[in-house]
Amino acid sequence: MLEKWKLREVIVLSVLAVVFAVVYLVFMQFGNVLYGMFGLIGYDLIFGIWFIVSIIAAYIIRKPGAAFLSETIAAAIEVMIGNAVGPRLILSGMIQGIGAEAVFAATKWNNYRTWVLIAAGMGSSVTSFIWGYFISGYAALSPGYVTAMFFVRLVSGALLAGLLGKWLSKSLAKTGALNSFPIGKELRREKSQNGISA
């Protein structure tokens, strides 16, 4: 999968995985607070944040496997730095990454418009929810509550992974750090079209 990747792409993916492993671990504590306030659905309010690295990595690198690998590696690093869930979290990361990767694959990794990024975030919402349904005992909850959890997670995936992921990626590109990536070239082209020197 990585044989056609350039060294800078591997480095960027690795850095993103490390950074968001830390972010994910921090948000676990925030999720615990929301769980205490709202019950299980509290996690779903912010669940999209745990998919965001797959969107950012795919949007920046634009190669097959970027979404899946970034999410999987971030989960593995999160386990190493202290997530109490343990090795099972790596499988969760893989399943989340598959959801986003499937959407990019459906476009043959050629379309990174906003609606595709939103759909990818929602794709992770779907696969993660199916996984959670079987391992977290959702079947014991009322169907109405489970349905509400699902739709809240879909919205969270769309907003916190899809839209926020795009915004963070473009913000990073504006610093010039991604000039050699397609997103950096797009930004320079947009500036040129608007009559602004890149």
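Entry 1. I looked up contacts between residues at least 6 apart in the sequence of the protein, and 69% of them join residues at least 24 apart. I note that this is a predicted model.

Entry 2. I then listed the secondary structure and found eight helices and zero strands. From the N terminus on, the order of elements reads α-α-α-α-α-α-α-α. The radius of gyration is 17 Å, close to the 16 Å that the globule rule gives for 198 residues, so I record the protein as being as compact as a globular protein of that length. For the C-alpha trace I noted spans of about 55 × 35 × 30 Å along the principal axes.

Entry 3. I turned to burial and surface. Of the 198 residues in the protein, 45% are buried.

Entry 4. I checked the charges of the protein, 16 positive and 8 negative, and found their mean positions 9 Å apart.

Entry 5. I searched the backbone for positive phi values in residues other than glycine. Lysine 108 has phi near 60°, and I located lysine 108 in the loop between α5 (88-106) and α6 (114-135). Its relative accessible area is 63%, over the 50% cut-off, so I class lysine 108 as exposed.

Entry 6. Tryptophan 109 also has a positive phi, near 55°, and I placed tryptophan 109 in the loop between α5 and α6. With a relative accessible area of 28%, tryptophan 109 is partly exposed.

Definitions and conventions. Residues numbered from 1 in each chain as written. Predicted model: local features only at pLDDT ≥ 70, side-chain atom pairs only at ≥ 80, totals over all residues. Heavy atoms only, no water. Helix = DSSP H or I, 4+ residues; strand = E, 2+ residues; numbered from the N terminus. Rg over C-alpha atoms; globule rule 2.2 N^0.38 Å. Buried < 20%, exposed > 50% of the residue type's maximum accessible area, 1.4 Å probe, protein only. Contact = heavy atoms within 4.5 Å. Lys, Arg positive; Asp, Glu negative; His and termini not counted. Charge placed at Lys NZ, Arg CZ, Asp CG, Glu CD.
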